[in-house]
Each structure stands twice: as C-alpha cells, then as structure tokens.
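Here are my notes for a first look at this model. Please keep the structure open as you read.

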Amino acid sequence: MYTTARLRLRPYTTDDLPFLLSLYNDPEVAKWIQEDFLAPRGPAYIAKIQDIADRALAYFIVEELTSTAHSPPTLLGMSGLVPLSDAKNRNATFCIALAQKSWGYGYGKEIARFMVDYAIVSLGMHRVSLTVFEGNERAKKCYTDVGFVEEGRHRKIVWIDGEWKDTFFMGILDSEWHRIRLGISRSSALRTTT
C-alpha cells in the first residue's frame, strides 16, 4: 500500500469491481478512458476489468486518506501501469480513471506524479507513456505539468461526442523524471506504508 499527501493507492480486490464497473458506466468518465462504443456495461464486463488489472505491472485503487474507523474511505478511482509486449525496453503505459466527484481537486496530478515515480524509481522503467484524447484538456494539462511531453498523434481516430478526435501520445523518460524529481520539495515527497 502506498500513500501520497492526500491519497492511498492500494491493490484492488474483488470487492472493488462494482466501483470499477461504475467508472465504465459513467459516460463522462468512459469517453476518456476507452475507445469502445459507449454502452452500458453489465457484470460480464467485470472479467475484462479483472484481466486488465491482473496483467498490469501495477493496478491500484485510489482512495482518500481521510477515512476514520466510522467512515469507510472514499473511492476516487484507479490507476495502473500496463506493460507493453516488449518488456526488455522497459516502457510502461500509465492509465488513470477518476470518478467525476474527484475531478478538479488536483488528484490526477498527485496520482500521475506518484505513478511515474513508482514506475521509474521502483520498477526501473526507462520511460512511461500514455495516450490522451483531444478534448480532454484537463488531463493533457495535468500530464504536461507532471513532465510528459507530446510525442505524436493519430489524427481523427476516435469518435467522441459526435465527432472525430485526435489521440495524443505523450511520454516521459527516466532522465527527465530524475531532473524533475530533484525539484520536488521534501514536504511533498512520496511516502510508503506497509
């Protein structure tokens, strides 16, 4: 289990599967996290979510740290690192999905910083990659603020809200992250708990 300043990132359990399914059933979330048709997802889709989680290098449930013994933690979303087929090149793909109630609080940036650091420092990745769809300006700005660089795009490849949108490819190298990491203050440093 890992923590950041405000969040806990823990392994998913089967108890989390209904929450994860709810992310794919929220049209405002789903349109930014998948290329499939937006359609209601039933219990059979849980097997696909489990497959993604089980094949990932890391797959975390993200929750607030503010829970008490009398109130369960608030589930905010998920984040993961998916390996590409060429493991020898040490490139992981970062993914994230946050429930709408979590948007606008800076959680995405906090999670992205943790995940890049975890991938590069703990897992020894050489680079972390991601894709983001045109129109998801909040996410693109978040990734740029963390240090990701736009590396290319597929033009008009994904259908969102009745129009064709581009997919942007972004990445960050270990050497870039180490330079950025030196600038992160000790007060916002990442902590690990057991």
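1. Terms first. On a 1 Å grid over the protein atoms alone, a pocket is an open set of points where a 1.4 Å probe fits, with protein on both sides within 12 Å along at least five of seven lines. Lining residues have an atom within 4 Å of a point. Grid points are joined across faces, edges and corners, and a volume is the space filled by probe spheres set on the points.

2. Basis. This is a predicted model, where local features need pLDDT of at least 70, side-chain atom pairs count only at pLDDT 80 or more, and totals for chains, interfaces and linings use all residues. Residues are numbered from 1 along each chain as its sequence is written, and side-chain values use heavy atoms, without hydrogens or water.

3. The largest pocket. It holds about 1200 Å³ of space. Its lining has 45 residues, and W32, I33, C95, I96 and Y143 lie nearest the centre.

4. Who lines it? Helices (H or I, at least four residues) and strands (E, at least two) are DSSP runs, numbered from the N terminus. The elements that each supply at least two lining residues include α2 (27-33), β5 (91-98) and α5 (137-146). The largest share, seven residues, comes from α5.

5. Strand pairing. Two strands pair if DSSP finds at least two bridges between them. Strand β8 (residues 163-173) pairs with β6 in the antiparallel sense over seven bridges; S129 stands opposite G171 in β8. Strand β7 (residues 149-160) and β8 are also antiparallel, over eight bridges. Here G152 stands opposite F169.

6. The turn. β7 and β8 form a hairpin with two residues between them. D161, in the turn, has a positive phi of about 50 degrees.
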